[in-house]
Amino acid sequence: MANQFPPAASKRRRLAACYLVKDEAGELRLSLNSIKDFADDIFIVMTEKNDEVDAAIKEFGRERSSFSRRDTSLTVCFFPWRDDFAAARNFALELVYDRAPEDPWILFLDADEFLPPERGKTCRDFWPEPTPPPSIW
């Protein structure tokens, strides 16, 4: 059962890194490498067809077997740009909630954003276990 309440005490919540990418292949390589050791799931939504971005994603996918975390999933989809950032972001959110094994924390990153290695560990320590939603009376 994906959405168990109360959550199992020994289970930590997953982290999904999510990108909306247009044409930043070089930056995307750096960003993906910065999160590879602490993201459980990586979602990339391409908003334009771009051979360099395709190549960067394929290269990252091939290199995953050498990572310290080999269980990180990688999902890539295309969503045509419609001059509507919200539509692209909502598509990405639907993708995460549709494909992630359970409801994860979602970290949206631009292709030119990256996390230093020590920050990834800090982020991981920040959410060790799931917490129940607050009660509203």
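1. E48 is partly exposed, with a relative accessible area of 32%. The term covers values between buried (under 20% relative accessible area) and exposed (over 50%), using a 1.4 Å probe and protein chains only. E48 forms a salt bridge with K22, and their closest N and O atoms are 3.8 Å apart. K22 lies in the loop between β1 and α1 (25–35), E48 in the loop between β2 and α2 (51–63), so the pair ties together parts 26 residues apart in sequence. K22 is partly exposed too, at 40% relative accessibility.

2. A word on the basis. This is a predicted model, where local features need pLDDT of at least 70 and side-chain atom pairs count only at pLDDT 80 or more, while totals for chains, interfaces and linings use all residues. Residues are numbered from 1 along each chain as its sequence is written, and side-chain values use heavy atoms, leaving out hydrogens and water.

3. Side chains of opposite charge can pair when their charged atoms come close. Here a salt bridge means a side-chain nitrogen of Lys or Arg within 4 Å of a carboxyl oxygen of Asp or Glu. By this rule the count is 3 salt bridges.

4. D41 and R14 meet in a salt bridge, 2.9 Å from N to O. D41 sits in strand β2 (residues 41–46) and R14 in the segment before β1 (15–21), 27 residues apart. Helices (H or I, at least four residues) and strands (E, at least two) are DSSP runs, numbered from the N terminus. D41 is buried, at 1% relative accessibility.

5. R29 and E59 form a salt bridge, with closest N and O atoms 3.5 Å apart. This pair links helix α1, which holds R29, to helix α2, which holds E59; the two residues are 30 residues apart. E59 is partly exposed at 28% relative accessibility. R29 is partly exposed at 29%.
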